[in-house]
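Have the model open beside you and try each task before reading on.

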Amino acid sequence: MAKNEVAAAHQTPINAQPRIHQRAGEIQAYGTVSHLLPLELEEPVRLEMTEQLNLLLADSMTLRDLYKKSHWQVAGPTFYQLHLLFDKHYDEQVEIVDEIAERIQLLGGVSLAMAADVAETTRIQRPPRGREEVPVQISRLLDAHQIIIGHCRQLSRRASEIGDEGTNDLVVSDVLRANELQVWFLSEHLVDAPLVHAEEPQARKAG
Ligand SMILES: [Fe+2]
């Protein structure tokens, strides 16, 4: 910097006002990946993986929100245990969502983030705004898990095939396993086991 430029910079009055309402063009478009990253993964691989991970992200964000809806709206004699279980699974899905989104960014892509974009992308059926009974809540959650688990199996195989072992590991170790475990905890609630009186062997046969 020349001497006179340094002097001019020093003369700029300090303005304490925040510069609010700013807008500018995007610095990276959705659906693209950065060209130059020292990851030893070709651009087409990163493009395919970030596209697939964004689908997994949209479904996981929807499942996360379905858990919170169920946590708030649950009713009936199992209210307390389900209220707690749904929130535990919600917290675990929050972690999963963050891991998927950050994997997309580290591969040079752009993660989906906002509810409207997630709603347009997810394959999980939209539930009604109102409250539903427990078996329906659990069935909806299980249907959502099934979509995610099916995608995890297909995506992990494909990631391995094209050399992205990091994505394979994330999908299997963090997403698939957590979803499998949550499915177990949910599905046991749909077993029609007697609560107080053991069923007579005769009645069981008839059923
Ligand atoms: Fe709560």
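**Exercise 1.** Find the handedness of the crossing between helix 3 and helix 6, then describe how their axes are arranged.

*Solution.* Step one: helix 3 passes helix 6 in a left-handed crossing (the near helix is turned anticlockwise from the far one by less than a right angle). Helices here are DSSP runs of H or I with at least four residues, numbered from the N terminus. This is a predicted model, where local features need pLDDT of at least 70, side-chain atom pairs count only at pLDDT 80 or more, and totals for chains, interfaces and linings use all residues. Residues are numbered from 1 along each chain as its sequence is written, and side-chain values use heavy atoms, leaving out hydrogens and water.

Step two: the axes of helix 3 (residues 79–106) and helix 6 (residues 165–187) come within 11 Å and cross at roughly 165°. Axes are lines fitted to C-alpha atoms over the stretch in contact, with angles from 0 to 180 degrees between N-to-C directions. That makes helix 3 roughly antiparallel to helix 6 (an angle over 145 degrees).

**Exercise 2.** Which residue is the salt-bridge partner of Asp164, and is Asp164 buried or exposed?

*Solution.* Step one: Asp164 pairs with Arg103, their closest N and O atoms being 2.9 Å apart. A salt bridge needs a side-chain nitrogen of Lys or Arg within 4 Å of a carboxyl oxygen of Asp or Glu.

Step two: Asp164 is buried, at a relative accessible area of 2%, and Arg103 also counts as buried, at 13%. Buried means under 20% relative accessible area (1.4 Å probe, protein chains only).

Notes
Helix = DSSP H or I, 4+ residues; strand = E, 2+ residues; numbered from the N terminus. Parallel < 35°, antiparallel > 145°, perpendicular 65-115°, else oblique. Buried < 20%, exposed > 50% of the residue type's maximum accessible area, 1.4 Å probe, protein only.
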